[in-house]
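Please keep the sequence and the 3D view open while reading.

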Amino acid sequence: MHDKSLDDSWHLDIEFDESDTHTHATVRAHLGDGETLTAIGDAYRNPRDLSQPMIGEEIAAARALISLGTDLLHRAGSRIEAVTRHPVHLMS
């Protein structure tokens, strides 16, 4: 099952919103079929810890990307089920 009309490139955008103790990441994946998926992730800093904004961004982005990966697996599983008419359990 090969769909030649798909674009071979996907693009990810990651945006951050930060406060003193919280970092929020929004990941938007622009897929080859023209659809966009969005996932979010958050990181919280203990107020007693030193401020290291890059660490908060890395954690929040990682959590958003993990969520995006899970969403993509569910999406692929649903597409397989639609074609095969059998339950699918994709492992991560």
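## S9 and the basis of the model

Apart from residues up to four places away in sequence, S9 touches H30 and G32, where contact means heavy atoms within 4.5 Å. S9 sits in the segment before β1; helices (H or I, at least four residues) and strands (E, at least two) are DSSP runs, numbered from the N terminus. S9 counts as partly exposed because its relative accessibility is 35%, given that buried means under 20% relative accessible area, exposed over 50%, and partly exposed in between (1.4 Å probe, protein chains only). From S9 to Q52 there are 43 residues in sequence and 33 Å in space, C-alpha to C-alpha.

The model is predicted, so local features need pLDDT of at least 70 and side-chain atom pairs count only at pLDDT 80 or more, while totals for chains, interfaces and linings use all residues. Residues are numbered from 1 along each chain as its sequence is written, and side-chain values use heavy atoms, with hydrogens and water left out.

## Helix α1

Does the length of α1 agree or disagree with its residue count? At 1.5 Å a residue, the 32 residues of α1 should span 46 Å, and its end C-alpha atoms are 46 Å apart, which agrees; the expected span of a helix is 1.5 Å times one less than its number of residues. The buried residues in α1 are G56, E57, A60, A61, A64, L68, R75 and G77, and what covers them includes β1 (11–18), β2 and β3.

R75, in helix α1, is buried, with a relative accessible area of 16%. Leaving aside neighbours within four places in sequence, R75 is in contact with L31, D33, E35 and L37. I80 also belongs to helix α1, but I80 is partly exposed, with a relative accessible area of 34%. With neighbours within four places in sequence again left aside, I80 is in contact with R85, V88 and L90.

## After the helix: R85

R85 is found in the segment after α1 and counts as exposed, at 72% relative accessibility. The phi of R85 is near 60 degrees, a positive value in a residue other than glycine. For context, most residues other than glycine have a negative phi.

## The nonpolar core

Which residues make up the largest nonpolar core? This core has 10 residues, namely A25, V27, A29, L31, L37, A39, A43, A60, A64 and L68, and the elements that give two or more residues to it are β2, β3 and α1. A nonpolar core is a set of buried Ala, Val, Leu, Ile, Met, Phe, Trp, Tyr and Cys residues joined through side-chain atoms within 4.5 Å.

L37, a member of the core, touches V27, R28, A29, L31, L68, L72 and R75, not counting residues up to four places away in sequence.

The elements that give two or more residues to the lining are β2 (22–30), β3 (36–44) and α1 (53–84), and α1 gives the most, with 4 residues. By type, the lining divides into 6 nonpolar, 7 polar and 3 charged residues; Ala, Val, Leu, Ile, Met, Phe, Trp, Tyr, Cys and Pro count as nonpolar, Asp, Glu, Lys and Arg as charged, and the others, Gly among them, as polar.

R45 lies in the loop between β3 and α1 and is partly exposed, with a relative accessible area of 23%. Leaving aside neighbours within four places in sequence, R45 is in contact with D20, T21, L50 and S51. R45 and G56 are 11 residues apart in sequence and 7.4 Å apart in space, C-alpha to C-alpha. P47 lies in the loop between β3 and α1 and is exposed, with a relative accessible area of 64%. Between P47 and D20 there are 27 residues in sequence and 8.1 Å in space, C-alpha to C-alpha.
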